[in-house]
Amino acid sequence: MTAVKRGTRVPARWRLLVCALTLLAGCSKEPLTADPDVDMPAPKQSSFSQFRTTHAHDAKVPLRLEIEARVPAELSEVLAFYRRELGQRGWQEKPDDAVIAADRVQLAFVSPKGPAVLKLGRAKGETTVSLAQRNPEAAAKADVLPISGQARLIFGYLRPDVASLVINDQTIKIAGGENHPQTLDLPPGTYSYELRVSGLLVRTDTVTLASGEAWGLSDDKKPSQIY
């Protein structure tokens, strides 16, 4: 006689619960959506989002727009969202500049207003978003557009004492009092710098520059990207 092993019988109420959970697991998640009337989209499902603009003095048109967000969704879902949303806004992806990995994505775009970069990452179970768009026409009018293939540093000093910026084996004197910001174009790379006032060191830091970017340096803040 052939012996037949019978499985454990599950009470009816538990079978119903298992079925319900199975159905829930099979249901598709709500697709990521965005407000169609904003130029810099972020999913409505974001747990955090922050929008920033950078303006030159007395200029109405921003030099740079940026949105940062955190989205409780997989990186692949957020990537698909941005490719769809930006494509609908007339942004064109530059596939030769794409970096796509399991936990990191960087895509370059040409937008109607200028070059743009999308960066995605992973942190604490969420996908992090940084989307920045630059306006070269506004940057040219504000004299912050760097020489082609280089990056630009912009710095000034408003205290009475004379200051000096030491960077890339150069020492640049900065007049005290009211003065116009000075500029320095450098090849892309990471640079250490020192800011000295009357010979005393007041700040030391590093700044990483990419081609076409413009950054501002000061004695009381971290370097900030202007364009």
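## Exercise 1: A salt bridge

Asp143 and Arg152 form a salt bridge, with their closest N and O atoms 3.6 Å apart. A salt bridge here is a side-chain nitrogen of Lys or Arg within 4 Å of a carboxyl oxygen of Asp or Glu. This is a predicted model, where local features need pLDDT of at least 70, side-chain atom pairs count only at pLDDT 80 or more, and totals for chains, interfaces and linings use all residues. Residues are numbered from 1 along each chain as its sequence is written, and side-chain values use heavy atoms, leaving out hydrogens and water.

Solution: 
- Recall the cut-offs: buried means under 20% relative accessible area, exposed over 50%, partly exposed in between (1.4 Å probe, protein chains only).
- Asp143 has 54%, which makes this residue exposed.
- Arg152 has 10% and counts as buried.

## Exercise 2: Another pair

Task: Which residue forms a salt bridge with Lys222?

Solution: 
- The partner is Asp205, with the closest N and O atoms 3.2 Å apart.
- Lys222 is exposed at 55%, while Asp205 is buried at 11%.

## Exercise 3: A network

Task: Which residues are linked with Glu68 in a network of salt bridges?

Solution: 
- The network links Glu68 with Arg52, Arg64 and Glu66.
- Within it, the side chains of Glu68 and Arg52 meet at 3.0 Å, N to O.
- Glu68 is partly exposed at 27%, and Arg52 is also partly exposed, at 32%.
- For the whole model, the count comes to 14 salt bridges.
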